[in-house]
Amino acid sequence: MPPPHRKTPVQYLHSIGFLDNAPALVGGNQLSDTDLELITKTKTKIIHSPRYNAHLNLGHPPLKKLRELGIPVALGTDALASLYSLSLWDEMRYIKDRYPENDAPTAKDILEMATIDGAKALGLDKKIGSLEKGKEADFLIIHTPKDMAASDLTSWLINNVTPREITSVFVAGKKVKI
């Protein structure tokens with residue numbers, strides 16, 4: 001066995017140069033203040049799979065602190081061996097009520113974790129992840145209630161969208177079959 005390195009996993013990865021290329025790390029559930037400094041300094045991203053973490057009782061990353069530091073936290077799924085679906089909609093619904101009040105993400109935070117932060121984690125945020133001039137137009141058209149206020153849209157999307165509500169899917173501006 002190699003000698004103990006007396007470092008957290010993040011500190012060890014930094015010491016061997018792994019964080020030098022701004023990777024995406026899956027998990028980030030138990031991060032020290034030094035870990036957070038290293039993640040911020042190296043522009044490392046975090047991928048969070050809330051249902052998988054709950055299934056294995058792993059805890060969750062400090063979402064509020066990560067977001068305050070500008071560290072992208074992308075939503076991910078794990079595998080059908082531990083989950084009933086690979087749907088980001090299911091991850092978004094799951095995450096919304098599972099955090100202590102002082103660390104709970106807002107509906108806007110959750111939607112960003114599933115879109116632009118996911119693109120950042122993949123290094124594709126200049127091309128996808130938000131609707132902006134010059135980016136590929138990847139989007140869904142979703143049937144919403146007629147009387148819904150615009151201010152309720154983000155929460156409604158997270159709480160209610162299933163494949164039934166998705167009427168069209170566009171990838172790079174082209175409609176694809178669903």
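This is a predicted model: local features need pLDDT of at least 70, side-chain atom pairs count only at pLDDT 80 or more; totals for chains, interfaces and linings use all residues.

Start with the largest pocket. Its volume is about 1100 Å³. How many residues line the largest pocket? There are 34, and those nearest the centre are Leu-111, Ala-114, Thr-115, Asp-138 and Leu-140.

Now to where that lining comes from. Two or more residues each are given by the helices α5 (88-95), α6 (107-114), α7 (116-121) and α8 (153-160), and likewise by the strands β3 (73-75), β4 (139-142) and β5 (166-171). Which element gives the largest share? That is α6, with 5 residues.

By residue type, the lining of the largest pocket has 23 nonpolar residues, 7 polar and 4 charged.

On to the second largest pocket, with a volume of about 160 Å³. Its lining includes Thr-8, Pro-9, Val-10 and Leu-13. Also in the lining are Leu-25, Val-26, Gly-27, Gly-28, Asn-29, Gln-30, Leu-31 and Asp-35. The elements giving two or more residues here are α1 (9-15) and β1 (24-26). The largest share is from α1, at 3 residues.

Sorted by type, the lining of this second pocket comes to 6 nonpolar, 5 polar and 1 charged.

To recap, the largest pocket is about 1100 Å³ and takes its largest lining share from α6.

Conventions: Residues are numbered from 1 along each chain as its sequence is written. Side-chain values use heavy atoms; hydrogens and water are left out. On a 1 Å grid over the protein atoms alone, a cavity is a set of points where a 1.4 Å probe fits but cannot get out, and a pocket is an open set with protein on both sides within 12 Å along at least five of seven lines; lining residues have an atom within 4 Å of a point. Grid points are joined across faces, edges and corners, and a volume is the space filled by probe spheres set on the points. Helices (H or I, at least four residues) and strands (E, at least two) are DSSP runs, numbered from the N terminus. Ala, Val, Leu, Ile, Met, Phe, Trp, Tyr, Cys and Pro count as nonpolar, Asp, Glu, Lys and Arg as charged, and the others, Gly among them, as polar.
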